[in-house]
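Open the model in your viewer and keep the sequence panel beside it. This tour goes stop by stop: select, look, move on.

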Amino acid sequence: SNLGQIQWKGWNTGGGGNHDIAAFINCSVDANSVDGSCPGKLTFATAKVGGAVTTALQIDKDQKSTFSGTVAVNPNSSGDGSLTIDATSTNDTMLTYYNEGTMTWRLRSKGNVSDRFEFRDAGGDDGVIMAQGATSWSSGSDERLKCNWTSFDDALSSINSLTKVGTFQYKYLGGYEPRNDIIHSGLSAQEVKKFLPSAVDEDNE
């Protein structure tokens, strides 16, 4: 049930002849009261052109903030825009992505672990890490994180069978010419997949 609402109204100069809502903050009960508590939810909303009121942000009883629609950051005088998230002390700072209520991805700055930055999947156990001072993403390779080891049969022969190991240039999918002049080093995923398929991830393309 609603506990109260603060509204900001402006005079309708387009012929409406009344005050219309420009924005409001609404407080409501978010769950049943337990042991004298009253779990609440705050809803922040603004009006679009045409008068439709759209919820921009909700903060529920679990302190979870939910943005609805598009969240825009206005540029400053130089034309640049920024979004700042400031955690207290050594706490983590996390940005979580949902798709129709189901968590899909999370970005987290680990304030208590050398301030590293993590990109994790929905389960939180797979992803990549960027450490302060690093120039590329990395994934966990610590032996303490691994189990059920097996050995490759004739591993050296498989490695020697690779023909596309060296330098290359990226091109667009379906194209023939290099995208730019940058030279990279590496190997072919298709060749590696022939003897080590678990090392190669594929998408629809």
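## The whole chain

Start with the surface: the protein exposes about 16,500 Å², and carbon and sulfur atoms supply 50% of that area. Keep in mind that this is a predicted model. Now color by secondary structure. The protein has 2 helices and 11 strands. Along the sequence they follow the pattern β-β-β-β-β-β-β-β-β-α-β-β-α.

How much of the protein is buried? Buried residues account for 12% of the 205 residues.

## Stop 1

Select residues 2-11 and 19-29. These are strands S1 and S2, paired in the antiparallel sense over 9 bridges. Zoom in on Gly4, which stands opposite Cys27 in S2.

S2 and S3 run antiparallel and are joined by 7 bridges. For a landmark here, pick Ile25: its bridge partner in S3 is Phe44. Show the backbone hydrogen bonds as you look, since strands of a sheet pair through them, either parallel or antiparallel.

## Stop 1: the four-stranded sheet

Move on to S6, S7, S8 and S9. They form an open sheet of 4 strands in the order S6-S7-S8-S9, with antiparallel pairing. Which strands are at the edges? Strand S6 (93-99) and strand S9 (127-130) are the edge strands, and each pairs on one side only. From one strand to the next, the twist averages 10°.

Select S8, residues 116-121, together with S9. The two pair antiparallel over 4 bridges. Phe117 has Met130 as its bridge partner in S9. Phe119 stands opposite Val128 in S9. Then follow the chain through the hairpin of S8 and S9, which has 5 residues between the strands. Stop at Gly124, which takes a positive phi near 80°.

## Stop 2

Now center on Trp137. Trp137 sits in the loop between S9 and helix H1 (155-160). Is Trp137 buried, partly exposed or exposed? Its relative accessibility is 41%, so Trp137 counts as partly exposed.

## Stop 3: salt bridges

Hide the surface and show the charged side chains. The whole structure contains 5 salt bridges. Select Arg108, Arg116, Glu118 and Arg120, which are linked in a network of salt bridges.

Center on Glu118. Its side chain meets that of Arg116 in a salt bridge, 2.8 Å from N to O. Glu118 also forms a salt bridge with Arg120, with the closest N and O atoms 3.4 Å apart.

Compare the exposure of these residues. Glu118 is buried, at a relative accessible area of 1%. Arg120 is buried as well. Arg116 is partly exposed, at 25% relative accessible area.

## Last stop: Lys193 and Glu202

Select Lys193 and Glu202. They form a salt bridge in which the closest N and O atoms are 2.4 Å apart. Where do these residues stand on exposure? Lys193 is partly exposed, with a relative accessible area of 35%. Glu202 is exposed, with a relative accessible area of 61%.

Definitions and conventions:
Residues numbered from 1 in each chain as written. Predicted model: local features only at pLDDT ≥ 70, side-chain atom pairs only at ≥ 80, totals over all residues. Heavy atoms only, no water. Pairing = 2+ DSSP bridges. Axes fitted to C-alpha atoms, helices over the stretch in contact; angles between N-to-C directions. Buried < 20%, exposed > 50% of the residue type's maximum accessible area, 1.4 Å probe, protein only. Areas by Shrake-Rupley, 256 points an atom, 1.4 Å probe, with all protein chains shown as cover. Salt bridge = Lys/Arg side-chain N within 4 Å of Asp/Glu carboxyl O.
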